[in-house]
Amino acid sequence: MTATASGLQHRAEQLAATLPPLLVAAERVATTVAQGVHGRRRVGQGETFWQFRRYEFGDSAQRIDWRQSGKSDPVYIRETEWEAAQTVWLWADRSRSMDFGSRDISSTKAERAALLALALAALLIRGGERIALVDSTMAPTTGTIALHRLAALLSRPPSATPSLPPFRPLPRYGQIVLIGDFLTPLPKIEDTLRQFGETGVNGHVVQVLDPAERDFPFSGRIRFEGFEEEGDILIRRSQALRQDYRGALEQHVNGLTRIVQSMGWTLSRHFTDHSPEAALLTLYAALSVRPGG
């Protein structure tokens, strides 16, 4: 290896070492998803050319592109891209209950929620959108610097923070993405979500759960420890609770679904033993449908 190549490699390794592992992982997920989706461009008022299409009855003659139309028989309209950059407000649950992961699963719920939020931010920034965190003083912004700042905020370890997002008034017609386990009692969830909904924002909820929370695979004598001061409980025959537990979880999820759908928002579920790319693709597709679009 030449001295020049050696120096370049050393600088590259130094640069890579400064990137938070979360950012590296998020960029990988975002790149994978970006290869399979179209952008979030929309027809609208702007100056950036998007495409030509044939003239249709009702179109304004002022929108005809006479140069393009002169090349063939059809008359063509020049369409521009929607340039009103939108702010997407993000929240990833960092409460202590999210610091849970099965032994054979590589990610805790908190790590997966942060990964999805940051990967989504990377996709949105590539599309020219602004991003911001609901629970920080970070102003809506875009670009690489914004992504690095977001990575630093999301890389913080779980703490004694609320398990639901703090309310703040958001601009009407914006979009909000909430990622967490949403195992809080349903009345509290509904109160929080409706506060945001009443401001006119369009919302997307992603429920992240560990497969053990889905399956309840436990058997025998198990001591369950609470993450948020719920206390501990010793179960001597934990397998006896499996059916009741699964029924209670299904009832909770159905209630969450009703709340979200009644507001016209979207809900998706993601388990940490599944691909983060699949969850991100579903979420990104939901975001690509603008309210009223």
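1. Helix 2 and helix 9 cross in a right-handed way, meaning that the near helix is turned clockwise from the far one by less than a right angle. Helices here are DSSP runs (H or I, at least four residues), numbered from the N terminus, and axes are lines fitted to C-alpha atoms over the stretch in contact.

2. A word on the source: this is a predicted model, in which local features need pLDDT of at least 70 and side-chain atom pairs count only at pLDDT 80 or more, while totals for chains, interfaces and linings use all residues. Residues are numbered from 1 along each chain, and side-chain values use heavy atoms, without hydrogens and water.

3. Now look at Arg 28 of helix 2 and Glu 277 of helix 9, which sit 249 residues apart in the chain. They form a salt bridge, with the closest N and O atoms 3.0 Å apart; the term requires a side-chain nitrogen of Lys or Arg within 4 Å of a carboxyl oxygen of Asp or Glu. Arg 28 is partly exposed at 46% relative accessibility, whereas Glu 277 is buried at 18% (buried is under 20% relative accessible area, exposed over 50%, partly exposed in between, with a 1.4 Å probe and protein chains only).

4. Arg 126 belongs to helix 4 (residues 109-126), 99 residues from Glu 27.

Key. Helices (H or I, at least four residues) and strands (E, at least two) are DSSP runs, numbered from the N terminus.
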